[in-house]
Amino acid sequence: MTAVSGASWPKSRSSIFQHEFAGVAVQVAVLVALGIAAVLLHRALRAPLHLPGRQGLIWMALLAGGRAASPLPWAGTLTGLGAGLCAFGGFTDPLSGFIYSLSGVLADWAYTTLPLLRRRAWAFALACGLL
């Protein structure tokens, strides 16, 4: 008969991979949905408020929030691609989808190459506003 030590069993790595994949899939879905929500907000808020740049301000706030909140290195690109795919359907400008996608790629590039932007939220917000 063997003695029971009371120590817990070692964790199995096979179950961890399934949970990590599900977490990444949920993050990807949320980021793409955030981009789609930005385009839908753009369409819904087309009322003439005579405030130049308010559409861009909303888009950059959603893009910067998604990029800063997610640990994925391509979070801004996913948000931009979601917005870009949704924008191809209803805007009169044929390049609007490309512009949304490009701003997501540039936000990722700035966030990963400039370490100040990862530490200071105000600097990242300023950089996204300049995009």
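Helices here are DSSP runs of H or I with at least four residues, numbered from the N terminus. With that convention, the loop between α2 and α3 can be located, and P71 lies in it. The structure on display is a predicted model.

**Stop 1: the whole chain**

Begin with the protein chain displayed as a cartoon. There are 6 helices and 0 strands, and reading along the sequence gives the pattern α-α-α-α-α-α. Colour the chain by relative accessibility: of its 131 residues, 31% count as buried. Among contacts between residues at least 6 apart in sequence, 60% join residues at least 24 apart.

**Stop 2: the loop between α2 and α3**

Select P71, in the loop between α2 and α3. Because its relative accessibility is 65%, P71 counts as exposed. P71 and V24 are 47 residues apart along the chain, while their C-alpha atoms are separated by 9.6 Å.

**Stop 3: helix α3**

Proceed to α3, which has 13 residues. From its first C-alpha to its last, α3 reaches 18 Å, close to the 18 Å expected at 1.5 Å a residue. This helix is mostly covered, with 10 of its 13 residues buried. The buried positions of α3 are A75, G76, L78, T79, G80, G82, A83, G84, C86 and A87.

Centre the view on A75, which lies in helix α3. A75 has 0% relative accessibility and therefore counts as buried, the limit being under 20%. Which residues does A75 touch, not counting those up to four places away in sequence? They are L31, G66, R67, S70 and D108. Draw a distance from A75 to D108: C-alpha to C-alpha, these residues are 7.0 Å apart in space, and they are 33 residues apart in sequence.

**Stop 4**

Select α2. This helix has 16 residues and reaches 22 Å from first to last C-alpha, close to the 22 Å expected at 1.5 Å a residue. Its buried residues are R54, Q55, W59, M60, L63, A64, G66 and R67.

A pair of aromatic rings is described by the distance of the centres and the angle of the planes. W59 and Y100 form an edge-to-face pair, at 4.9 Å centre to centre and 90° between the planes. W59 belongs to helix α2 and Y100 to helix α4, so the pair ties together parts that are 41 residues apart in sequence. Both W59 and Y100 are buried.

Not counting residues up to four places away in sequence, Y100 touches V39, H42, W59, G80, A83, G84 and A87.

**Stop 5: F124 and the second aromatic pair**

Move to F124, which lies in helix α6. Its relative accessibility is 4%, so F124 counts as buried. Y111 and F124 form an aromatic pair that is edge-to-face, with 5.0 Å from centre to centre and 70° between the planes. Since Y111 lies in helix α4 and F124 in helix α6, the pair ties together parts that are 13 residues apart in sequence. Y111 is buried, as is F124.

Which residues are in contact with F124, leaving aside its neighbours within four places in sequence? The set consists of A64, R67, A68, A107, Y111 and L117. For one of these, A107, the C-alpha distance to F124 is 8.7 Å, across 17 residues in sequence.

**Stop 6: the largest nonpolar core**

Several residues visited above meet again here. Select V39, W59, Y100, F124 and C128, the residues with the most contacts inside the largest nonpolar core, which has 17 residues. The elements that give two or more residues to this core are α1 (13–44), α2 (54–69), α3 (75–87), α4 (96–113) and α6 (121–130).

**Stop 7: the largest pocket**

Rolling a probe the size of a water molecule over the atoms shows where empty space is left. The largest pocket has a volume of about 210 Å³. Of the 12 residues that line the largest pocket, W59, M60, I99, Y100 and S103 lie nearest its centre. The elements that give two or more residues to this lining are α2 and α4. Which helix gives the most to the lining of the largest pocket? It is α4, with 6 residues. The tour thus returns to W59 and Y100, the edge-to-face pair of Stop 4.

How values were computed:
Residues are numbered from 1 along each chain as its sequence is written. This is a predicted model: local features need pLDDT of at least 70, side-chain atom pairs count only at pLDDT 80 or more; totals for chains, interfaces and linings use all residues. Side-chain values use heavy atoms; hydrogens and water are left out. A nonpolar core is a set of buried Ala, Val, Leu, Ile, Met, Phe, Trp, Tyr and Cys residues joined through side-chain atoms within 4.5 Å. Buried means under 20% relative accessible area, exposed over 50%, partly exposed in between (1.4 Å probe, protein chains only). Contact means heavy atoms within 4.5 Å. Rings of Phe, Tyr and Trp (its six-membered ring) pair if their centres lie within 6.5 Å; planes under 30 degrees apart count as stacked, over 60 as edge-to-face and the rest as tilted. The expected span of a helix is 1.5 Å times one less than its number of residues. On a 1 Å grid over the protein atoms alone, a cavity is a set of points where a 1.4 Å probe fits but cannot get out, and a pocket is an open set with protein on both sides within 12 Å along at least five of seven lines; lining residues have an atom within 4 Å of a point. Grid points are joined across faces, edges and corners, and a volume is the space filled by probe spheres set on the points.
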